[in-house]
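Have the structure open while you read.

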Amino acid sequence: MNFTLHGIAVSGGIAIGHAHLISHTSLEVAHYVLPKRLVDKEVARFDAALESTRQELAALRANPPQQAAAEFDAFLDLHLMILADEHISRAPREMIEREQCNAEWALKVQMDDMVAHFEAFEDAYLRERKADVVQVVERVLKTLTGQPGHVPPAARHDVSMILVAHDVSPADLIQLKPYQFAAILTDLGSATSHTSIIARGLNTPCVVGLHHARELLRENDLLIVDGAQGVIIVNPDKHILDEYKLRQEQWELERQKLKRLKSTRATTLDGTSIELHANIELPQDLPEVKENGATGIGLFRSEFLFLNRDELPDEEEQFEAYRAVAKGMKGLPVTIRTFDLGADKQLSGAERVASNPALGLRAIRLCLAEPQLFRTQLRALLRASHYGNVKILVPMLSGVAELNQTLQFIAAVKQGLDAEDLPYNRAVQIGGMIEIPAAALMVNVFAKKLDFLSIGTNDLIQYTLAIDRTDEEVAHLYDPLHPAVLHLLAHVIGGADKAGVPVSVCGEMAGDLAYTRLLLGLGLRQFSMNPAQLLGAKQRVLTTSLPEIASLTQKILHTDDPMKIRELLDKLNA
Ligand code: PEP
Ligand code: MG
């Protein structure tokens, strides 16, 4: 059947490929009682699923993916062992026969029992192995329910494969970064969720907020994904397919043309120089920063160093990571944000789930509540500042007391390094993110105490409009053009300018070409964005005359009718 799905456009480009459905949460299983005559069949179904999972693991063991970690073999051996354990291989079988229940239910009950055993261990290593039990059972359940599992390693470089997931966490997606897919589709998510931000960096078409794609699409369906429009065409006919193949070629041609701008200075038509910096998640992102001609790193989201692992990175490991980026950028600015953990980026095994994580113990609040963690990171950052142009950026500041406390903390860490005679840049710049309306309104005070400011529009919009940026149900209300947002932006940019303090925008608005001219018109001279968006933004800058956009920008700023604002923006971008 041929039909169309509409979602939220996250990352442009056209992909044509086949759907691969992935699932992470199949552990919610139903319980039903079987008629006696079907029990043998159910046992056979269970045995077959177990055997197929065993073969799947054994095949992986024999043919590890190219980039597999050193522990891959040991990890598979452990999973094969768990699979063979009688809790998983025998007990569910007996339960099906005894209680006439379905295989999924029997497996789930036995898994819970095994997990409880593991939880009782005193040894932390053994306790953590409960996660392996869950993963193994998930695999068997997926075979039982006919749902394909995680991305098969062999398919991780399949450029015609389109990932379809209910949701993908930022931590999961960052692990997929080295692989290549044709496109990524998810039911949940919004344009500025961290998952979407990473997807943008993959330079892969991505559409989120599709609601029921996981249910409506079938494995191997032929799909056209129009990432810029947020449209998916399912099982298209030949005529449509040809049309999109043509559009795909045009898109690729445009991208190739943009590459010529790599070394061109970003200067407006009237000769004003604009800084275009890059946002990164990990030191491994440096090649893309260079390929796209960024003149600095405006936001290194250091918290990604802390994800997908049981042990936190110690001072040495962090120092090496920060130093590698500082040295790699050869004197260009490298703005490293202290970790912003606690909302949609949780540490593995974090026990406390806040009732409203975005408003909870997140970012600088978590840093100040966990001084040991913060001190370790600051020591690593300061030590790395000796090797390049490192700047430290503090996220989610909300008030002056918190800012003072943070600055005092940094001063104390510096004293500690002095006492140990460890070198660092004494004049290292400390900046603050303006992403809470309270901070935006107090820009004058923040500008006095900090060396630079960076506006996090993703959160600033979320908190100004009271819209959860990760929730697709309210994504339509997430509006960078809301007059309240524009006034806050104008206030911060103007306030920083008056105080003589550099200000940039590092939220997703900075890389969205629809807003480049508007931000320039509001006085912004420094942007930081996903490297994949940088050359497009440069082209926009090169074709903009600041005197020409001045009056239209002011008009937009003084209009409160949303329709009119959009009309004026179209004019500005024409
Ligand atoms: C922002 O909030 O705009 C920002 C850049 O930070 P993050 O997206 O990591 O919250
Ligand atoms: Mg933020």
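First, the ground rules. This is a predicted model, so local features need pLDDT of at least 70, side-chain atom pairs count only at pLDDT 80 or more, and totals for chains, interfaces and linings use all residues. Residues are numbered from 1 along each chain as its sequence is written, chains are lettered from A and ligands numbered from 1 in the order in which they are written, and side-chain values use heavy atoms, leaving out hydrogens and water.

**The open sheet**

Helices (H or I, at least four residues) and strands (E, at least two) are DSSP runs numbered from the N terminus. Two strands pair if DSSP finds at least two bridges between them. By that rule, 8 strands make up an open sheet with mixed pairing, in the order β1-β8-β7-β3-β4-β5-β6-β2. Its edge strands are β1 (3–6) and β2 (8–11), each pairing on one side only. From one strand to the next, the twist averages 30°, where axes are lines fitted to C-alpha atoms (for helices over the stretch in contact) and angles run from 0 to 180 degrees between N-to-C directions.

Helix α9 (residues 194–201) packs on this sheet, touching β2 and β6 (206–208), and its direction makes about 45° with that of β2; contact here means heavy atoms within 4.5 Å. Helix α11 (residues 238–258) lies across β3, β7 (222–226) and β8 (231–234), at about 110° to β3. Strand β3 (residues 14–22) runs parallel to β4 (residues 161–165) over 5 bridges, and H18 has M161 in β4 as its bridge partner.

| Strand pair | Bridges |
|---|---|
| β9 (residues 275–280) and β10 | 3 bridges |
| β10 (residues 297–301) and β11 | 3 bridges |
| β11 and β12 (residues 389–394) | 5 bridges |

The chain crosses from β9 to β10 through helix α12 (residues 286–291), and this β-α-β crossover is right-handed. That term applies if, with the strands pointing away from the viewer, the path from the first strand over the helix to the second runs clockwise.

How enclosed is β11? In strand β11 (residues 333–337), 5 of the 5 residues are buried, so the rest of the structure largely encloses it. Buried means under 20% relative accessible area, exposed over 50%, and partly exposed in between (1.4 Å probe, protein chains only). In a regular strand the side chains alternate between the two faces of the sheet. In β11, P333, T335 and R337 are buried on one side, and V334 and I336 on the other. V334 is the bridge partner of I297 and also stands opposite V390 in β12.

**Around the ligand**

Which residues are closest to ligand 1? Of the 17 residues that surround it, the closest are H194, R301, R337, N458 and R469; the cut-off is a heavy atom within 4 Å. A polar side-chain atom of D459 lies 2.9 Å from a ligand 1 oxygen atom. For an N or O atom in the side chain of R362, the distance to a ligand 1 oxygen atom is 3.3 Å.

**R45 in its helix**

R45 is found in helix α1 (residues 39–62) and is partly exposed, with a relative accessible area of 28%. Not counting residues up to four places away in sequence, R45 touches Y32, A103, E104 and L144.

Note on methods:
Polar contact = N/O pair within 3.5 Å; in protein donor to acceptor, adjacent residues only side chain to side chain.
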